[in-house]
Amino acid sequence: MPMPMEYQHASEAFERFLADARDTAGLGTRNQTYTVVQSVLLTFRRRLDVHQAIRFANVLPPVLRAIFIADWDTTVPAVSFEDRETLTREVQALRPHHNFATAASITDVATALRRHVDVTRFEAVLASLPEGAVAFWHVADPERT
C-alpha cells in the first residue's frame with residue numbers, strides 16, 4: 001500500500017493551516033500562531049479522556065493530530081468544560097510571555113480548523129464528546145468556514 005497522501009503532504013498542509021489561522025486571528029508570525037493553536041488544542045484536550053481524545057485526534061490533519069497528543073500525561077483526569085471566558089484565560093496561560101491569544105482565539109482557531117478538516121466527520125465526533133465540546137468549536141458565522 002502506498003503512503004497515504006495526508007502523510008506525504010503533512011508539512012505543506014500544516015503550513016497552509018498555520019497561514020490560514022494566522023490571517024483569521026490577525027497574528028503577525030507563524031510562531032505566534034503556533035502557540036495560540038497549541039494552547040487551544042491543549043485546552044480542549046484537558047476536557048477529554050484518552051478514548052475521546054483519540055477519536056477527536058483522528059479527524060485532525062496529521063501535524064495538528066501530533067500537536068494535540070504530544071507530551072500528554074494521560075494519568076491526569078479530564079476536567080469539565082467551563083464558560084468561554086474561563087477557557088480563553090486557560091488558552092492565554094500557555095507560555096504567557098509569548099502568547100498572543102485574544103478573547104477570540106478559540107473562535108479564530110475553530111474557524112480556520114473547520115476549513116482544513118472533513119466537517120461532517122469533525123461534527124460527528126464532537127457530538128459524541130462530553131457536553132461543551134460542540135460549543136467549544138462552534139463558529140457562529142458559517143460564512144467564515
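Colleague: By class, which residues make up the lining of the largest pocket?

Modeller: First the idea: on a 1 Å grid over the protein atoms alone, a pocket is an open set of points with protein on both sides within 12 Å along at least five of seven lines, and lining residues have an atom within 4 Å of a point. Ala, Val, Leu, Ile, Met, Phe, Trp, Tyr, Cys and Pro count as nonpolar, Asp, Glu, Lys and Arg as charged, and the others, Gly among them, as polar. Here the lining has 8 nonpolar, 1 polar and 5 charged residues. Keep in mind that this is a predicted model, where local features need pLDDT of at least 70, side-chain atom pairs count only at pLDDT 80 or more, and totals for chains, interfaces and linings use all residues. Numbering runs from 1 along each chain as its sequence is written, and side-chain values use heavy atoms, with hydrogens and water left out.

Colleague: What volume does the largest pocket have?

Modeller: Volume is the space filled by probe spheres set on the points, which are joined across faces, edges and corners. For this pocket that comes to about 200 Å³. Of its 14 lining residues, Arg46, Trp72, Asp73, Val76 and Pro77 are the closest to the centre.

Colleague: How many aromatic pairs are there?

Modeller: Rings of Phe, Tyr and Trp (its six-membered ring) pair if their centres lie within 6.5 Å; planes under 30 degrees apart are stacked, over 60 edge-to-face, the rest tilted. The structure holds 10 such pairs. Take Phe44 and Phe136, a tilted pair at 5.0 Å centre to centre with 45° between the planes. They sit 92 residues apart, Phe44 in helix H3 (residues 30–45) and Phe136 in helix H9 (residues 133–136); helices here are DSSP runs (H or I, at least four residues), numbered from the N terminus.

Colleague: Which residues form the aromatic cluster?

Modeller: Phe44, Phe56, Phe68, Phe81, Phe122, Phe136 and Trp137 form one cluster.

Colleague: And which residue lies over the face of Phe136?

Modeller: A charge sits over a ring if NZ of Lys or CZ of Arg is within 6 Å of the ring centre and within 35 degrees of the ring normal. Arg84 does this for Phe136, at 5.9 Å from the ring centre.

Terms used:
Helices (H or I, at least four residues) and strands (E, at least two) are DSSP runs, numbered from the N terminus. On a 1 Å grid over the protein atoms alone, a cavity is a set of points where a 1.4 Å probe fits but cannot get out, and a pocket is an open set with protein on both sides within 12 Å along at least five of seven lines; lining residues have an atom within 4 Å of a point.
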